[in-house]
Amino acid sequence: MPGHEPLTLIEKIRPERMIKRLDQLAQIGQTIRGGVTRLAFTQEDRLARAMVVDWMHQAGLGVRTSPIGNIFGRLGSPEPDLPVVMTGSHIDTVIVGGRFDGALGVVAAIEVADVLNENGVSLSRPLEVACFVMEESSRFSTGYAFGSKVMTEQPIDDETLLAQDRTGQTLAEAIHAMRSRELGLMEQALKPGDSVETAKAYIRDSRYPPERIQSFIELHVEQGPILHTLGKPVGAVTAIAAPTRLAVILSGQQNHSGTTPMRLRKDALAAAAEAILAVERICRSSDGVVGTVGRIEVEPNVVNVIPGKVRMVIDVRSVSAGAKADAAEAIRAEIGRIATDRDVACQLDTITDETPQPLSDKIVSLIEKNCQAMGIECRRLASGAGHDAAQLAQVVADTGMIFVPSRDGISHDPQEWTDEGDILTGSQVLLLTLLDLTSSGATHF
Ligand code: GLV
Ligand code: MN
Ligand code: MN
C-alpha cells in the first residue's frame, strides 16, 4: 500500500458520515417508541436496502444483488481473480428494535470502502462489502441468518419457507413478492407450493462459492453488558452462541370463567405459565445457558374465558452445544410433566437447532494486534447473540467479529446505544484488520 501508512489511513475515517447514515437508516421504520421496526422483505427493508446500494455506489463499489436479496459491493484490485476479503452485516431489525444492531456493521464496512476509495488505496485482493438479507428471525419466528445461510449453501427446509408472519404471509411469498418488485414485474398470486418452488430457485441462484472468499469480518455492537461494564472499547469475538427453538402448543379446554370450578379447569395459559417458569429455572441452573419465552399467543385471549390454547416459542442458547442440548432436553421433559399433571395436551416441536460456532484464532490475534498498535484495550469474549458471521465461519475458516460496547448492555430495544467514539474506534480496528487480510497471501500491496 505505497504512500499509505495504515495508522494514518484510519485517521481518514469520518465518524460523522457513519452517524448520519445510521440516522438515515433509523428513519426508515422508526416507531413512536423511538426504535426501529424494519422487518425483512417489507417495504421498509426495500427502501433501506436501496439506500445501502446508493451508498455503495458513492463509495465506488461495483454492486450486485443476489436473487434472495443479499447485496455485495466490490472494491476491485489489480488481482481481480483472488478470493475476496468480505465484511458486512445486516440491516433488518427486530420488532421495535435499535438502530445499531446490524446497521453499524454495514455502515462501517461502507465507510471503510469510502476511505480506501477516496485515498486511492490499491488492494492486493478485492474487498467486498456485504449486506445480508433477513438476519433477524422476528418476522417469521424462524429463518435466523437466512441470507447468509443461503449464500453458504446451508439447507433451507420447506417448513422455514412456509413459516407465516403475523399477517399470514409465508417467507416464500415474501421472497417472491420482493423479487417481483425488484424485477419490475406485476406480482402474481402464487399457490403455496409454487411460491416454495420459486423461492427455492432464487435460493439456488444465490449461492456464493466459499472458495471465492478468503476471509470474513463483521463489526457489530456487543448487545450485552461485558464491554460496557469493563470499560473496554473493543471486543475480539472467540465464538458465537446458537439458538435451539422449541415451538409449544398447549391445548386445554376453553370454558366460562365464571361457572367452571377451579378443580375442573384445563387452563392452557396456567400450564404455559408453569412451563415458562420451568424454562427460567432450568436455564438459571445450567451454566452458560440462557432461555427465553419471547413469543406467546393465547386463545381466545378474552377476559371472561378460560384460555383453551396457548402457542409459544422457547429460545435456548449457549456457546456449549452439550449444555444447550441438556437444558433443551430438561425443558422438554418438564413441560411434558406439567401438561400431564394439568391434563392439558402438549405438542412440542424443535423448529431450530443450531450449532455454536467458534471463530478464527488468527483473526482474534489480528484484532488484538491492531488494538495494541492503536494503544487501546481489547477484550476476548463470546457472543450470546447470533450473527451472519456464524454462518460464514462454517465455510470460511478465517472468519471473525469485532464488537463495540452497547450502553448498559441493552439491545433489541429502542434504548440500544453505542457512543460515536466507540463506533470510530471499532471502525478503525476493522479497517486495520481488513488491510492485514487484503495484503496476506497476495503478491504485492
Ligand atoms: C439475532 O440477532 C439473534 O441473536 O436473535
Ligand atoms: Mn438482532
Ligand atoms: Mn445483528
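In the predicted model, a polar backbone atom of Gly386 lies 2.7 Å from an oxygen atom of ligand 1, a polar contact being a pair of N or O atoms within 3.5 Å. The model being predicted, local features need pLDDT of at least 70 and side-chain atom pairs count only at pLDDT 80 or more, while totals for chains, interfaces and linings use all residues. Residues are numbered from 1 along each chain as its sequence is written, chains are lettered from A and ligands numbered from 1 in the order in which they are written, and side-chain values use heavy atoms, with hydrogens and water left out.

Ligand 1 is surrounded by Glu135, Glu136, Arg317, Ala385, Gly386 and His412 (a heavy atom within 4 Å). An N or O atom in the side chain of Arg317 is 2.7 Å from an oxygen atom of ligand 1, and a polar side-chain atom of Glu136 lies 3.2 Å from an oxygen atom of this ligand.

Donors are N, O and S atoms within 2.8 Å of the metal (3.2 Å for Na, K and Ca); water is not among the atoms, so sites may look incomplete. Asp101 lies in the loop between E3 and helix H4 (103–118), and His412 in the loop between strand E15 (399–404) and helix H14 (420–439), 311 residues apart. Helices (at least four residues) and strands (at least two) are DSSP runs, numbered from the N terminus. Asp101 is buried, with a relative accessible area of 6%, whereas His412 is partly exposed at 40% (buried, under 20%; exposed, over 50%; partly exposed in between; 1.4 Å probe, protein chains only).

Asp101 bridges the manganese ions (ligand 2 and ligand 3), which lie 3.7 Å apart. The manganese ion (ligand 3) is coordinated by His90 (NE2), Asp101 (OD) and His220 (NE2) at 2.0 to 2.3 Å, with the spacing H-x10-D-x118-H. His90 lies in strand E3 (residues 84–90) and His220 in strand E5 (residues 213–221), so the pair ties together parts that are 130 residues apart in sequence. Both His90 and His220 are buried.

Definitions and conventions
A polar contact is a pair of N or O atoms within 3.5 Å; within protein, one must be able to donate a hydrogen and the other to accept it, and residues adjacent in sequence count only if both atoms are side-chain atoms.
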